[in-house]
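Reader: I would like to learn how to read the features of a model like this one. Please take them one at a time.

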Amino acid sequence: MLVLLIIGIALVAITMLMLTIVNLISKKTHTDREKMSPFECGFDPKSSARLPFSLHFFLIAVIFLIFDVEITLLFPLIMCLKYSNLLNYFIVLTIFIMILIAGLLHEWNQGALEWAS
């Protein structure tokens, strides 16, 4: 039993040593200015950081979050189907989906979903 323990510890130590050596050997040390600069989600990192943020992009992100949260609210409704009255279930589900569709149509009519270039 003691021999197996010693062999196991030796194998772990050898594996760790080999991984460390391979990591040191294969490490690339060539860096350039573009690699060292931070990546900022499509923004040019060399330009001024005080440029105004696109309000339309922010509005699309908020609309996505709202509809994403509302979709997660539909999951408990699916789970409640077997415990609730079928007529009440469909009334609540229809009202909920109609509110979602009304919100989507309102955003569409306001032009918030059109991406201006």
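**Reading the helices and their surroundings**

Author: The UniProt annotation "transmembrane region", from an unreviewed entry, covers residues 6–26, 55–75 and 87–105. UniProt positions are in the numbering used here, feature names are shortened, and annotations may be inferred rather than shown by experiment. This is a predicted model, in which local features need pLDDT of at least 70 and side-chain atom pairs count only at pLDDT 80 or more, while totals for chains, interfaces and linings use all residues. Residues are numbered from 1 along each chain as its sequence is written, and side-chain values use heavy atoms, with hydrogens and water left out.

Reader: How many helices and strands does the protein have?

Author: Helices (H or I, at least four residues) and strands (E, at least two) are DSSP runs, numbered from the N terminus. Here there are four helices and zero strands, in the order α-α-α-α along the sequence. Residues 55–75 are 100% helix and 0% strand, with end C-alpha atoms 31 Å apart. Residues 87–105 are also 100% helix and 0% strand, and their end C-alpha atoms lie 27 Å apart.

Reader: What span does helix α1 reach from its first C-alpha to its last?

Author: The expected span of a helix is 1.5 Å times one less than its number of residues. Helix α1 (residues 2–26) has 25 residues and reaches 36 Å, close to the 36 Å expected.

Reader: Of the residues of α1, what number is buried?

Author: Buried means under 20% relative accessible area, exposed over 50%, and partly exposed in between (1.4 Å probe, protein chains only). For α1 the number buried is zero out of 25, so the helix lies largely in the open. Across the 117 residues of the protein, 7% are buried. I63, in helix α3 (residues 55–79), counts as buried because its relative accessibility is 9%. The C-alpha atoms of I63 and E107 are separated by 8.7 Å, although the two are 44 residues apart along the chain.

Reader: Which residues form an aromatic pair?

Author: Rings of Phe, Tyr and Trp (its six-membered ring) pair if their centres lie within 6.5 Å; planes under 30 degrees apart count as stacked, over 60 as edge-to-face and the rest as tilted. The count by this rule is one aromatic pair. Y89 and F90 form it, edge-to-face, at 5.5 Å centre to centre with 75° between the planes. Y89 counts as buried because its relative accessibility is 8%, whereas F90, at 44%, counts as partly exposed.
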